[in-house]
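Thanks for coming. I will take one structure and go from a single residue out to the whole chain.

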Amino acid sequence: MTALRFVGVVAAIVVLFLAARAYDRRRISRKNLLIIAVLVFGTTVLAIRPSVYGPLFGWFNIAPGNERQLIFIVVLAVIVLFGLLVRVQSESDASERALRLLVEALGRERFDWGRAATLPEGPRLAVVLPAFNEADNIEAVLRSLPRHLEGLAVVPIVVSDGSTDRTASQAREAGALVTELPINRGGGLALRVGYELALELDAEIVVTMDADGQHLPSELPTMIAPILAGDADYVNGSRLLGTFEKESTIRHIGVHVFSRVVTLLTGRRITDPSSGYRAARAELLERLVLEQDQFWTSEILIEALRQRARVVEVPVTIVARTSGASKKPKSLRYGWNFSKVIIQTWLR
């Protein structure tokens with residue numbers, strides 16, 4: 001057996017092993033596993049006894065010598081594997097979308113609709129707080145929110161993103177309307193549910209802020225002022241225009257880098273695309289196409305610009321969380337995924 005044939009056999013065995021592991025973890029179907037097994041078997045037979053494929057070589061006029069026949073079969077196998085990859089990815093995307101829609105529907109169903117029905121009539125400002133295991137922080141944040149602001153009734157909406165602690169109960173005790181997602185899917189999905197609920201409650205302005213205490217409720221007037229003045233449809237709170245407690249040097253550098261990337265792609269000067277402190281007119285939210293379950297901050301901002309919304313940045317203060325651990329992934333992974341979301345959203 002030549003070196004090329006030996007490498008082919010080893011590669012085929014490795015592919016079969018990886019496919020078996022994927023099947024064991026329920027990442028591919030049994031049908032796909034069988035197809036891969038057949039391909040591996042065919043590759044192994046080719047390496048050991050290539051004469052079996054004589055009729056196929058004759059049909060395509062593949063003459064023997066210089067490993068032409070082996071290369072031909074390998075090329076066919078690669079084409080088939082690529083087709084399988086596309087098929088698996090399509091099935092994965094369909095399953096992912098179905099799961100996303102299911103979780104969002106359950107989130108709407110589990111909302112405190114009974115308590116929402118007792119809200120007084122009048123213009124409303126919804127404050128949406130996605131929260132995952134923030135029982136130690138959520139109550140203090142909610143109790144710091146004003147009840148009324150600039151003639152708007154402030155309605156806090158907490159979306160517990162599969163929390164396993166007392167986040168939901170603490171939020172209810174502090175006066176918020178709450179929904180509980182059955183599993184943790186990320187702040188982006190939780191935010192979409194919160195937006196939908198805010199629109200159902202006929203909010204005129206919707207503000208998003210973190211549930212960990214890093215955003216100051218006292219700066220809500222700053223966030224909504226440009227919208228009330230008729231100068232903006234969307235307001236982005238910028239730590240670089242205001243003040244902040246630096247998490248790490250890498251993330252601080254990342255904020256500057258991503259701000260320049262978003263500015264370059266959109267043609268608008270954006271200083272803080274990763275800020276979660278946002279405010280928007282309700283009618284703008286109805287037009288946004290939001291798909292990201294995580295790393296959502298840049299998606300919403302770029303999508304708002306794509307909708308030709310008037311985007312204004314205002315200075316805000318970002319403080320370190322008082323307790324608990326950050327839910328963000330490590331810096332390099334966060335940066336990589338954040339970059340992908342920026343490009344994906346810009347290419348729509």
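Let's begin with His215, which sits in the loop between strand E5 (205-208) and helix H9 (220-228). Helices (H or I, at least four residues) and strands (E, at least two) are DSSP runs, numbered from the N terminus. This is a predicted model, where local features need pLDDT of at least 70, side-chain atom pairs count only at pLDDT 80 or more, and totals for chains, interfaces and linings use all residues. Residues are numbered from 1 along each chain as its sequence is written, and side-chain values use heavy atoms, with hydrogens and water left out.

Is His215 buried or exposed? Its relative accessibility is 3%, so it counts as buried. Buried means under 20% relative accessible area, exposed over 50%, and partly exposed in between (1.4 Å probe, protein chains only). Leaving aside residues up to four places away in sequence, His215 touches Met209, Asp210, Gly276, Tyr277, Thr317 and Ile318; contact means heavy atoms within 4.5 Å. From His215 to Arg26 it is 40 Å, C-alpha to C-alpha, and 189 residues in sequence.

Next, helix H12, residues 297-306. Nine of its ten residues are buried, so H12 is largely enclosed by the rest of the structure. Among the buried ones are Glu299 and Glu303, along with Ile300, Leu301 and Ile302. Just after H12, Arg308 has a positive phi of about 60°.

Now the second largest pocket. It holds about 450 Å³ of space. Of its 19 lining residues, Arg147, Val154, Val155, Pro156 and Gly175 are the closest to the centre. A pocket here is an open set of points on a 1 Å grid over the protein atoms alone, where a 1.4 Å probe fits, with protein on both sides within 12 Å along at least five of seven lines; lining residues have an atom within 4 Å of a point. Grid points are joined across faces, edges and corners, and the volume is the space filled by probe spheres set on the points. Strand E3 gives the largest share of the lining, four residues.

Finally, the whole protein. Its secondary structure comes to 13 helices and eight strands. The radius of gyration is 26 Å, well over the 20 Å that the globule rule gives for 348 residues, so the protein is more spread out than a compact globule. That radius is taken over C-alpha atoms, and the rule is 2.2 Å times the number of residues to the power 0.38. Buried residues make up 46% of the 348.
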